[in-house]
Amino acid sequence: MNVPFVYRNALLLGALTLAGCQQAASPESLITAKELSTSEIEPNNPASHQEANLMTLVDFTSVEPQGWLQNTTAKSAIEKDHLQINFSAQENISKLTIKPHQPWDLSSLSRYNLAFDVVNPQNESVHFYLSVENQQGEYQSRSISIAPQYKGTVFFPLNGVEADTEAGFWGDAMPWKTDDLLMVWRSWRADNVDLTQIAALNFFTIGLLENRSIQIKDIRIRANPEPDPQWLKNIVDQYGQNALIDYPLKITSDEQLAQQTAEELAQLDASTGMPNRSIYGGYTKGPKLTATGFFRTEKVDGKWWMVDPEGHVFFSHGPANVRMANMSTLTGIDYKDDAVRYRDPNETTPEDSMGTVQIAQAIKDSRYVASPLRHNMFNWLPEYSDPLAKHYSYRRSTHKGAMPHGETYSFYQANLQRKYGNQPDGAYLTKWHEVTLSRMKDWGFTSFGNWVDPAFYAAKQVPYFANGWIIGEFKTLSGSVNHWGLMPDPFDPEFARRAKVTIDEISESVKDSPWCAGIFIDNEKSWGEREGSVEARYGVILDALSKSVTESPAKKAFSEFLKQKYTKIEQLNTAWQTEISDWDTLNQGVSFSQFSQAQVADLSSLLEILGEQYFKVVHNTLADKMPNHLYMGARMANWGMPDEIIKASLKYSDVLSFNIYEEGMQPHFWLFLEKVDLPVVIGEFHIGSTDGSGLFNPGIVHASGQQDRANKYKKYMQSVLEKPYMVGAHWFQYVDEPLTGRAFDGENANIGFVTVTDTPYPQLIDAVKEVTSTMYQQRLED
């Protein structure tokens with residue numbers, strides 16, 4: 001998750017049944033709102049109350065919805081008063097669409113929410129999604145995990161202040177008092193999606209390991225209660241926790257925090273870690289292979305392994321993002337002094353990886369409240385003279401959210417200072433490093449994942465993966481959707497120069513250490529979608545073709561490829577069914593609205609050429625500077641792993657890496673990796689829950705509670721360990737994200753092994769130990 005998380009939005013555009021080809025309906029053809037009425041929610045809901053029902057969208061007791069169901073990859077049946085949806089684990093996206101003959105017209109309504117009653121008849125939780133789609137194929141997507149045997153109401157605001165407020169984080173605070181379940185955004189809230197007319201409702205799951213089913217009924221539009229003037233105010237306490245509710249791990253005093261810390265330190269001191277481990281975390285009871293003094297890979301008895309420097313088989317499992325960067329949240333304060341926003345053009349660290357920035361007093365003197373909404377969320381922030389004020393920092397730009405830039409605060413670092421305040425000034429971070437290393441050993445983890453504090457490099461206790469970003473003033477290409485930013489043009493000589501600058505810096509920090517298990521460069525690049533329209537799959541190529549060869553190095557390379565293949569422009573026109581007058585016209589830039597089969601094949605070839613150039617530059621630069629270390633690839637996300645890019649990466653990557661935010665690795669969906677026959681590591685995965693964490697957002701994969709979260713983790717890891725090509729899996733991330741969202745993009749999920757107060761989640765840690773204590777034996781015996 002450069003986190004994770006925009007994950008799959010654009011893919012769903014192609015995968016879902018969309019209504020973008022329909023003409024706008026005339027007012028008389030729309031299903032319009034009924035007269036205001038009231039109905040009671042489920043009697044077993046303890047918050048039972050009268051609700052204002054503005055419009056019934058789907059009443060399954062009537063005959064009409066029978067013709068609205070489009071069972072694409074899920075099965076369904078209307079039974080009495082409800083719809084039974086059976087989601088299939090044999091499909092990566094198992095989906096049911098409800099599409100009325102005419103769109104539902106909500107244009108006469110205001111301040112409303114969409115609600116429906118749901119039953120989970122199973123003894124396992126069900127994580128499902130609902131996308132609400134307009135006639136143009138645009139949509140908003142939300143999701144939720146339903147606990148076993150749950151029966152009640154699910155909702156989310158569609159209109160009104162509760163729906164429109166950009167608070168700067170993903171999962172929203174409960175908008176009003178109710179025991180109904182609030183669905184959360186799939187990722188960032190969808191901007192400028194007009195849902196005054198709803199063309200379809202899409203219920204779907206992603207990446208199930210087992211079949212699941214739900215029952216839904218009475219899909220309706222309800223009136224929102226009167227706005228709560230205290231909504232989003234004073235929601236964060238002095239520890240960065242949810243101030244509005246109690247939950248088991250909540251800290252209420254410094255004394256409680258100190259006692260808890262002492263108890264954990266004593267337990268860690270007594271721990272001997274997992275048995276039969278080499279100093280690098282390899283398995284000493286496994287086959288002894290050739291020792292090279294560095295990490296490498298080898299296929300043993302049909303299974304891929306990493307091999308540690310001493311020659312022991314090694315499986316890489318541990319947390320990613322173990323660092324202080326990207327752990328702070330926006331306070332609502334900004335500074336008028338522009339000096340705080342200065343950027344050095346030679347920087348090699350992207351904004352979201354910057355650590356704490358110390359702010360000069362002269363700049364602080366220009367402070368002002370830039371966002372009252374954000375500033376009023378906190379019932380405590382330290383004065384600048386407070387000892388805990390050292391954890392203020394600054395974000396010069398944000399990717400998404402309520403503020404383009406502003407002051408930040410790290411409650412996590414403040415809590416570490418509270419925990420280890422008896423250490424010499426500043427040494428609380430040293431103590432944090434020591435405790436983290438002890439936890440890694442006690443929990444049975446064998447390595448850190450990507451994005452680890454370089455202070456762990458020199459510790460020489462736990463293997464790590466070094467990382468770097470290639471950023472700079474090189475040319476870029478734009479896809480139809482740019483998840484984390486524009487795609488670098490790898491044909492630009494400046495890209496190669498900046499790659500060398502980055503890798504030189506990594507080399508200097510690693511110092512050819514055998515503890516460095518491998519190198520990750522970049523993350524979740526916007527190559528294009530794996531499925532969908534031509535524009536979605538090959539947007540970066542079409543963007544290059546639209547440019548002049550003088551402004552785009554990639555365009556120049558593509559033009560040369562096409563000239564070599566077709567020789568004459570007439571041959572190109574025949575294949576592409578175009579009317580490009582000459583090669584000079586092509587060189588100046590061309591755009592397309594329709595595509596022949598031959599043209600799509602050429603776009604595919606050009607995407608592979610683009611990918612090959614990228615991986616060649618990175619691989620060759622690494623091989624020249626750091627020949628002893630594995631190149632782990634670019635951590636491709638499911639939404640950004642076109643077949644062409646995977647093919648290109650095979651020639652240059654020592655290990656392939658994918659960020660897989662699903663319930664696990666479905667055997668059928670990832671079967672192609674057996675044919676690839678290269679070792680594979682998962683760069684990111686996680687499971688979270690709002691229940692028991694106090695957070696508003698579970699993360700990308702939801703559980704219905706902390707024990708369910710632990711159970712889902714074990715099933716995920718089982719799906720990884722049984723794959724013969726897998727050599728590692730890294731959980732994103734070590735610490736929960738801030739309640740009010742990390743400053744860069746608003747992610748605020750329960751995805752940590754520890755809370756904001758650095759308190760481990762006991763159920764999850766127990767599950768981790770269960771997995772790590774047996775993972776080597778399982779892989780060797782299966």
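Mentor: Helices (H or I, at least four residues) and strands (E, at least two) are DSSP runs, numbered from the N terminus. This is a predicted model, where local features need pLDDT of at least 70, side-chain atom pairs count only at pLDDT 80 or more, and totals for chains, interfaces and linings use all residues. Residues are numbered from 1 along each chain as its sequence is written, and side-chain values use heavy atoms, with hydrogens and water left out.

Trainee: How far apart are the end C-alpha atoms of helix H9?

Mentor: Helix H9 covers residues 534-545, which is 12 residues. A straight helix would reach 16 Å at 1.5 Å a residue, and H9 falls short of that. Its end C-alpha atoms are only 14 Å apart.

Trainee: How many residues of H9 are buried?

Mentor: Buried means under 20% relative accessible area (1.4 Å probe, protein chains only). Among the buried residues are Val534, Tyr538 and Leu545. H9 is largely enclosed by the rest of the structure, because the buried residues number 10 of the 12.

Trainee: What is the relative accessible area of Leu232?

Mentor: Leu232 sits in the loop between strand E16 (212-223) and helix H3 (254-270). Its phi is near 70°, a positive value in a residue other than glycine. Leu232 is buried, and its relative accessible area is 4%.

Methods:
Expected span 1.5 Å × (residues − 1). Buried < 20%, exposed > 50% of the residue type's maximum accessible area, 1.4 Å probe, protein only.
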